[in-house]
Amino acid sequence: MDTDAQLSERDRSPHPEGGEEQRSRSSRIPDRSTLAGLPRRAWRWVTGGGPLRRAGVLLVCCLAVVMLVSAYVVQPFVIPSASMENTLRPGDRVLVNKLAYRFGDEPRRGDVIVFDGLGSFVQEEPAENAVTKAVRKVASSVGLMQPAPTDYVKRVVGVGGDRVVCDHRGRLSVNGRVITEDYLFPGDTASRVPFQVVVPEGRLFVLGDHRGASRDSRDHLGEPGGGMVPVDRVIGRAEWIGWPLGRWTALDRPDAFDEVPEPRGHGGGERGAP
């Protein structure tokens, strides 16, 4: 038997058939040139195609930029209630500066702030469908929907160490200095119910400008946290009313708190009641 002849006959094919294990592993790994060409092909896909594709890509890019700016710089915030009238009215869109307190500065008396009230005004996060929550988050970030039910807008009246008092005549004082609150809703007083508190360090005592229609720090004094808002729960400072256009204006800090002395331990200011 001519064994060599049989073997050469058997091995004529330059590409012998075999199982998956006989194939080269490199054949299953994309070539480097293929990977290098991916960005170019993706760019051609983005810039090519019809006007609908280009419009869709532009829309996605714009939304991404808006979401980034809203998340880290400035966010529109829809005013949901009358608690801040007449400074802010239901339906107003205010622009919230999220960088206001990011670089060492802290909320000051008179600032209008937006904050997460979980743990101070709300003890448990309200139950909400995951889809509804996601839609609300996206829509509220561009001012199309009201914010999360745990987000609030109020005015800072007391900061850490301050003694805030409202006497039986409805006069508000901070560290012994009576405050003339020109921003209050017409006919309102500082509070119909007298109170006096000392604000813990790292927290804020906040009130609505429409005291007769506002649930604020006064209403949570007996709850965990005492209605005092942690500084690290502040989302940002309301800087402008951006909508409606007829109410477009800056939200300046009032001068009502300019003469308030520092609390004891912060410079020796008086702390007596008015």
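Start by selecting Asp116: with a relative accessible area of 18%, Asp116 is buried (that label means under 20% relative accessible area, exposed means over 50%, and partly exposed is in between, using a 1.4 Å probe and protein chains only). Before you click on, note that this is a predicted model, where local features need pLDDT of at least 70 and side-chain atom pairs count only at pLDDT 80 or more, while totals for chains, interfaces and linings use all residues. Residues are numbered from 1 along each chain as its sequence is written, and side-chain values use heavy atoms, with hydrogens and water left out.

**Salt bridges**

Asp116 and Arg233 form a salt bridge, with the closest N and O atoms 2.9 Å apart (the term calls for a side-chain nitrogen of Lys or Arg within 4 Å of a carboxyl oxygen of Asp or Glu). Asp116 lies in strand 3 and Arg233 in the loop between strand 10 (229–230) and strand 11 (234–243), so the pair ties together parts that are 117 residues apart in sequence. Strands here are DSSP runs of E with at least two residues, helices are runs of H or I with at least four, and both are numbered from the N terminus. Arg233 itself is partly exposed, at 31% relative accessible area.

How many salt bridges does a search of the whole structure find? Nine. For another one, pick Asp162 and Arg109, whose side chains meet at 2.8 Å, N to O. This pair links distant parts of the chain, 53 residues apart: Asp162 sits in the loop between strand 4 (151–158) and strand 5 (163–166), Arg109 in the loop between strand 2 (93–97) and strand 3 (112–116). Asp162 is buried at 0% relative accessibility, and Arg109 is buried too, at 12%.

Asp167 counts as buried at 11%, whereas Arg171 is partly exposed at 28%.

**Glu181 and Arg211**

Go to the loop between strand 7 (177–178) and strand 8, where you'll find Glu181. Glu181 is buried, at 11% relative accessible area. A polar contact of 2.6 Å joins its side chain to that of Arg211 (a pair of N or O atoms within 3.5 Å; within protein, one must be able to donate a hydrogen and the other to accept it, and residues adjacent in sequence count only if both atoms are side-chain atoms).

**Rings**

Switch to the aromatics. Rings of Phe, Tyr and Trp (its six-membered ring) pair if their centres lie within 6.5 Å; planes under 30 degrees apart are stacked, over 60 edge-to-face, and the rest tilted. By this rule the count comes to five aromatic pairs. One of them is Phe115 with Phe121, edge-to-face at 5.3 Å centre to centre and 80° between the planes. Phe115 is buried at 0%, as is Phe121 at 6%.

**Nonpolar patch**

Finish on the surface. A nonpolar patch with about 1100 Å² of accessible area has members including Val65, Tyr72, Val74 and Trp240. The largest share, four residues, comes from helix 4 (residues 51–72). Val74 is in strand 1 (residues 74–78) and is partly exposed, at 32%. Patch members have over 30% relative accessible area and no salt bridge; like charges are joined within 9 Å, nonpolar side chains (Val, Leu, Ile, Met, Phe, Trp, Tyr) within 5 Å. Accessible areas come from the Shrake-Rupley method with a 1.4 Å probe; for residues, only the protein chains shown count as cover.
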